[in-house]
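Hello,

Here is the structure I promised to pass on to you. Please open it beside this email, and read my notes below as you look around.

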Amino acid sequence: MHLFDLDYSKLRALKLLRRSDGLSRVELADALHLNKATITALTADLLRRQLVVEAAPQATGRGRPRTQLSIYPGAAYAISLYPLAGERASLDIVDLRGERIHNRILEFRGQDDLEALPARCAAMFEQAIAESAVPRERIRHAGLVLPAPVDHRRGIVHSWPFDPKQRAVAVAPLIAERLGMPVTLDNRATVIARAEHWFGTEGERDNFSMVALLELGMNGARYCAGQMQIGYNGMTPDFSHVKIAFEDGRPCFCGGSGCLGSYASAHAILTAWAGSEGSSQDVWRDPHGAFSRVVQAARAGEERASSAFAMAGKALGTAIAGHINEHDPGRILVVAAQQDMLAFIEADCFATIDRQTIPALRQRTSIDFRTIEESVYWKGAAALALEALYAGKVL
Ligand SMILES: [Zn+2]
């Protein structure tokens, strides 16, 4: 999404107002580094569109009392769909402040058929809207999260992990046509970063990078100057195919080799361990159970399991060091679906980052490891729709 300066300032103003209990025009102008005339025009537009309301000024002792501006939560609502394990999906409706107004867990079967997906998702959106108390016309944007590389700008899924032979499908426009509202599409790692920025600890930061180690796969995302970084072609980033080996690298499902995801994901750890264990079929029948077994093996000091985790840590550290050296993001957050994943890779990962990052940048980069909380998923999907609403494309 490309925003012109004033649109960008409006997005930032709305985010600041959302995080606060109310701000005066002077406080907003200071925070946004804007002059009085610009902030007057900007807030007039937000008031006109009824995204923001003014509270009567309160006397605070000295000086002239200032009018407080705050988000009007009922101005618009956003709906989101996030696929969960076990052929289910979380459907959530949030108000303009991001408060969850409605939540429903619905069955989400037949995800392997990409062509049928738009109709299926539209029906689930419709069901949640019908069940909620929010007037339909107030729901102004839908966010959809899919486990695939997506063209975020055009809402196209280019390849589908459940069936790689399927052709690209313009999922978001097809759902938008059925629902009669704009639909924004994103992938899983990207919305975890959105959740951290909108609801989590990274709310005050306009710049940070995130690496997400998911149940099996992995990916990354980056916020820069308060906006999610989307590529020239509209594609969400794919950190798992960053190359960490250029000779004799492990093969990757993308067709290349030496990709980070072939070393640092839970899938890669299981592959390395199962190959040597000689029971790969058992592993893929129940990968989650198998991950528990590889953790137990590592805990018991079994060499193959320990070295699979060590390799994952070194690979991730190498890729993160490369990312810091290239982009200077200032902040890296590594999140994982499994607590044990972090515990077993953290030491090797940090040691590699410390060794491979340019010292001047390493000193200035904060890095945290954290387990993914379940609520991050709906929050991220909601943030996806909220961000589109705040950016002013539909209000
Ligand atoms: Zn790859």
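To start with something you can check yourself: does Phe-162 count as buried, partly exposed or exposed? With a relative accessibility of 44%, Phe-162 counts as partly exposed, because that class lies between the 20% limit for buried and the 50% limit for exposed. Please keep in mind that this is a predicted model.

The rule counts seven aromatic pairs. In one of them, the rings of Trp-160 and Phe-162 have centres 5.2 Å apart, and because their planes meet at 55 degrees, the pair is tilted. Trp-160 itself counts as buried, at 1% relative accessibility. Elsewhere, Phe-291, Phe-309 and Phe-344 are linked into a cluster by ring pairs.

Next, the overall layout. The domain assignment divides the protein chain into domain 1 (5-71), domain 2 (76-186) and domain 3 (202-373). I looked at how domain 1 and domain 3 meet. Their C-alpha centres lie 41 Å apart, and five residues of domain 1 are in contact with six residues of domain 3. Between them, domain 1 and domain 3 bury about 430 Å², with 31% of that area on carbon and sulfur atoms. On the side of domain 1, the residues that lose the most area to domain 3 are Tyr-8, Lys-15 and Arg-19, which together make up 80% of what that side buries.

What holds charge across this interface? The rule finds one salt bridge between domain 1 and domain 3. Arg-12 forms a salt bridge with Asp-206, where the closest N and O atoms are 3.4 Å apart. Two residue pairs are in polar contact across the interface of domain 1 and domain 3, both at pLDDT 80 or more. The residues of domain 1 on the side that touches domain 3 divide into two nonpolar, no polar and three charged.

Finally, the salt bridges of the whole model. Side chains of opposite charge can pair when their charged atoms come close. By the rule used here, the count comes to 20 salt bridges. One of them joins Asp-92 to Arg-100, with the closest N and O atoms 2.8 Å apart. Asp-92 counts as buried, at 1% relative accessibility, whereas Arg-100 is partly exposed, with a relative accessible area of 37%. Another salt bridge brings together the side chains of Arg-370 and Glu-196, at 3.1 Å from N to O.

Best wishes

Definitions and conventions. Residues numbered from 1 in each chain as written. Predicted model: local features only at pLDDT ≥ 70, side-chain atom pairs only at ≥ 80, totals over all residues. Heavy atoms only, no water. Domains from an automatic or database assignment. Contact = heavy atoms within 4.5 Å. Buried area = accessible area lost by both parts, 1.4 Å probe. Salt bridge = Lys/Arg side-chain N within 4 Å of Asp/Glu carboxyl O. Polar contact = N/O pair within 3.5 Å; in protein donor to acceptor, adjacent residues only side chain to side chain. Nonpolar A, V, L, I, M, F, W, Y, C, P; charged D, E, K, R; others polar. Phe/Tyr/Trp six-rings, centres within 6.5 Å; stacked < 30°, edge-to-face > 60°. Buried < 20%, exposed > 50% of the residue type's maximum accessible area, 1.4 Å probe, protein only.
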